[in-house]
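Please read the following points alongside the sequence and the coordinates.

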Amino acid sequence: MMNNEKARIGFLAAVLKLDPADIKSTRILNPYLRQTHADDKLGILDVRILMNDDTEIDTEIQLSELLVWSDRSLFYASKMYTDQIKPGQKYNVFKKCVSISILDFILFEEHTNFYSCFHILEDTNHFKYTDKMEFHVIELPKLPTKLQENSSRVELWAKFINAEETEEFNMIAEKDPYIQSAYDQLQIISQDEQKRLEYEAREKAILDYNQGMYEAELRGEQRGEKRGEKRGIKNTARKLLSLGVDINIIAESTNLSITEIEALKNDIN
């Protein structure tokens, strides 16, 4: 559903308590977090989104109980945060990172609210240490059984995500145009077998085309790199020739053939 931009904007606006009109655009980022070292743990995010104000958001759904979820979400948010800076840059490049967890289990047994929002605050006076990191947690088992007339937008979305019956989907979708967009997207991929196969075939064709274009571009870059590497080797051979180094030694050092080196020598002469 997050591939539908209207649904994506509506969901984020509900969770972040924003006016959807204030979100001009969003786009889905590469969900793979950068590894600094070969043996680093690879982080894979469910949906990683960039907002128009450069806020980065990791949205994940976890169905099975995971007691270390708080540590896990902190790990991914921290990786997402540090992933923003490159060597030589200043600390002012950092933008806000938001973690949204949708859990089908109870994480905080001592609290009854289905929705919680966390910041890094001072212990006594509760002012923010920084606004650059924020955590939202939705615990689906804590949702109220019946939908209330004054239900918040985040509750509507949580109920929609948790819904199982067509009647419930329809009732919730009628209350919010952004949820309706999500429901339309859900219906497309839940159609009868033939239409679903046609939809998947179209999606596959788009993915295959994009991958083909990417690989063609990559092959072009690799060919360019090889040509550049060859030029660099020949320049090295020319310098060695100008210093009077023996042709056989140059051939051994550069892996160029004797014929190639003699041609370079003739060019110099």
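Helices (H or I, at least four residues) and strands (E, at least two) are DSSP runs, numbered from the N terminus. The model is a predicted one.

1. E134 is a residue of strand 6. It counts as buried because its relative accessibility is 7%, and the cut-off for that class is under 20%. The side chain of E134 has two polar partners to check: the side chain of K96, at 2.8 Å, and the side chain of H136, at 2.6 Å.

2. Which residues is E134 in contact with, leaving aside its neighbours within four places in sequence? The list is L16, K96, C97, V98, S99, C117, F118 and H119.

3. T55 sits in the loop that joins strand 2 (47-51) to strand 3 (56-62). With a relative accessibility of 7%, T55 is classed as buried. Its side chain makes a polar contact of 2.9 Å with the side chain of D53. Not counting residues up to four places away in sequence, T55 touches I49, L50, K96 and V98.

4. The largest pocket has a volume of about 290 Å³. Of its 14 lining residues, M1, M2, I61, I102 and I161 are the closest to the centre. Strand 3 gives the most, with three residues. The class count here is 11 nonpolar, one polar and two charged residues.

5. The model has nine aromatic pairs. One of them is F108 with F118, a tilted pair with 5.5 Å centre to centre and 50° between the planes. F108 lies in the loop between strand 4 (97-103) and strand 5, while F118 lies in strand 5, so the pair ties together parts that are 10 residues apart in sequence. F108 counts as buried at 16% relative accessibility, whereas F118 counts as partly exposed at 34%.

6. A further pair is W157 with F160, which is edge-to-face: 6.1 Å centre to centre, 85° between the planes. Both residues lie in helix 3, three residues apart, about one turn of the helix. Are they buried or exposed? W157 and F160 are both buried.

7. W157 and F160 belong to one aromatic cluster together with F11, F169 and Y183. Y183 is in helix 5 (residues 177-188) and is classed as buried, at 6% relative accessibility. Leaving aside neighbours within four places in sequence, Y183 is in contact with F160, T166, F169, N170 and A173. The C-alpha atoms of Y183 and N170 are separated by 8.2 Å, the two residues being 13 apart along the chain.

8. Most residues other than glycine have a negative phi. D54, although not a glycine, has a positive phi of about 75°. D54 is located in the loop between strand 2 and strand 3 and counts as partly exposed, at 36% relative accessibility. T55 of point 3 lies in the loop between strand 2 and strand 3 as well.

9. The other angle is at H126, a residue other than glycine with a positive phi near 60°. H126 is in the loop between strand 5 and strand 6. Its relative accessible area is 52%, so H126 is classed as exposed.

Notes: Residues are numbered from 1 along each chain as its sequence is written. This is a predicted model: local features need pLDDT of at least 70, side-chain atom pairs count only at pLDDT 80 or more; totals for chains, interfaces and linings use all residues. Side-chain values use heavy atoms; hydrogens and water are left out. Buried means under 20% relative accessible area, exposed over 50%, partly exposed in between (1.4 Å probe, protein chains only). A polar contact is a pair of N or O atoms within 3.5 Å; within protein, one must be able to donate a hydrogen and the other to accept it, and residues adjacent in sequence count only if both atoms are side-chain atoms. Contact means heavy atoms within 4.5 Å. On a 1 Å grid over the protein atoms alone, a cavity is a set of points where a 1.4 Å probe fits but cannot get out, and a pocket is an open set with protein on both sides within 12 Å along at least five of seven lines; lining residues have an atom within 4 Å of a point. Grid points are joined across faces, edges and corners, and a volume is the space filled by probe spheres set on the points. Ala, Val, Leu, Ile, Met, Phe, Trp, Tyr, Cys and Pro count as nonpolar, Asp, Glu, Lys and Arg as charged, and the others, Gly among them, as polar. Rings of Phe, Tyr and Trp (its six-membered ring) pair if their centres lie within 6.5 Å; planes under 30 degrees apart count as stacked, over 60 as edge-to-face and the rest as tilted.
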